[in-house]
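The sequence and structure come next, followed by the description.

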Amino acid sequence: MQPIHILNGPNLNLLGTREPAIYGRESLTDIKAMCAAAADALGVSIVFEQTNHEGELVDQIQRAGKDGSAIVLNAAAYTHTSVAIHDALKAVAVPCVEVHLSQPAAREAFRDVNFVAPAAAGSISGFGAFSYVLGLEAAARLAKAGANANE
Ligand code: DQA
């Protein structure tokens with residue numbers, strides 16, 4: 001099975017020091033290590049990427065569509081603004097699990113707009129770094145189901 005691509009949007013490179021009361025004290029490197037351990041336990045491989053640029057995130061989604069079996073996506077602020085990311089998710093054949101560290105629905109009203117959720121198989125929010133582990137588990141199930149369906 002092709003790897004599950006875990007993609008991270010803007011400002012997530014600052015996790016650990018960025019508003020820790022909201023996003024927790026784990027760095028993105030810590031989260032990558034948690035995902036690598038979870039991937040081993042699930043018997044899947046991962047690609048883990050971060051970018052601060054919308055077009056680069058679109059490129060990463062397109063690459064995941066070609067070289068991946070599923071996407072775990074924390075599009076960060078682009079969740080609330082990006083038609084381009086919505087369209088990229090719609091354009092690829094692999095399933096996407098949306099993840100967030102915080103619970104956007106319990107925050108500012110501008111976070112109620114969400115361009116990712118309508119293009120995702122499902123969403124996991126509010127569990128801090130553990131959202132990624134849950135998201136990876138969901139993505140692995142979807143990827144394995146897809147791989148079996150193609151056999
Ligand atoms: C976030 C939530 C978004 O609203 C915010 O813009 C982020 C991080 C999260 O993981 O909680 O940058 O995606």
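Contact here means heavy atoms within 4.5 Å. The model is a predicted one, in which local features need pLDDT of at least 70 and side-chain atom pairs count only at pLDDT 80 or more, while totals for chains, interfaces and linings use all residues. Residues are numbered from 1 along each chain as its sequence is written, and side-chain values use heavy atoms, with hydrogens and water left out.

**Loop residues**

Helices (H or I, at least four residues) and strands (E, at least two) are DSSP runs, numbered from the N terminus. Thr 51 sits in the loop between β2 (46–50) and α3 (54–67). Setting aside residues up to four places away in sequence, Thr 51 touches Asn 8, Gly 9, Pro 10, Glu 56, Leu 57 and Gln 60. Its C-alpha atom is separated by 8.3 Å from that of Leu 12, although Thr 51 and Leu 12 are 39 residues apart along the chain.

Asn 52 is found in the loop between β2 and α3. Apart from neighbours within four places in sequence, Asn 52 is in contact with Gly 9, Pro 10, Asn 11, Asn 13 and Tyr 78.

Asn 11 lies in the loop between β1 and α1 (20–23), and Glu 19 lies in the loop between β1 and α1. Asn 11 has a positive phi of about 75° although it is not a glycine; for Glu 19, not a glycine either, the positive phi is about 35°.

Accessibility is sorted by relative accessible area: buried is under 20%, exposed over 50%, and partly exposed in between (1.4 Å probe, protein chains only).

| Residue | Relative accessibility | Class |
|---|---|---|
| Asn 11 | 36% | partly exposed |
| Glu 19 | 45% | partly exposed |
| Thr 51 | 6% | buried |
| Asn 52 | 33% | partly exposed |

**Nonpolar cores**

In soluble globular proteins, nonpolar side chains tend to be buried together. A nonpolar core is a set of buried Ala, Val, Leu, Ile, Met, Phe, Trp, Tyr and Cys residues joined through side-chain atoms within 4.5 Å. The largest such core has 26 residues, and Ile 4, Ile 31 and Tyr 132 touch the most other members. At least two residues of this core come from each of β1 (4–8), α2 (28–42), β3 (70–74), β4 (96–100) and α5 (130–149). The most is given by α5, with 6 residues.

Not counting residues up to four places away in sequence, Ile 31 touches Leu 15, Glu 26, Phe 48, Leu 101, Ala 129 and Tyr 132. A second, separate core holds 18 residues, including Val 58, Ile 61, Ile 85 and Cys 96.

**Cysteines**

With a disulfide taken as a pair of cysteine sulfur atoms within 2.5 Å, a search of the whole structure finds 0 disulfides. Cys 35 is in no disulfide, and the nearest cysteine sulfur, that of Cys 96, is 14 Å away. Cys 35 counts as buried because its relative accessibility is 0%. Cys 96 counts as buried too, at 3% relative accessibility.
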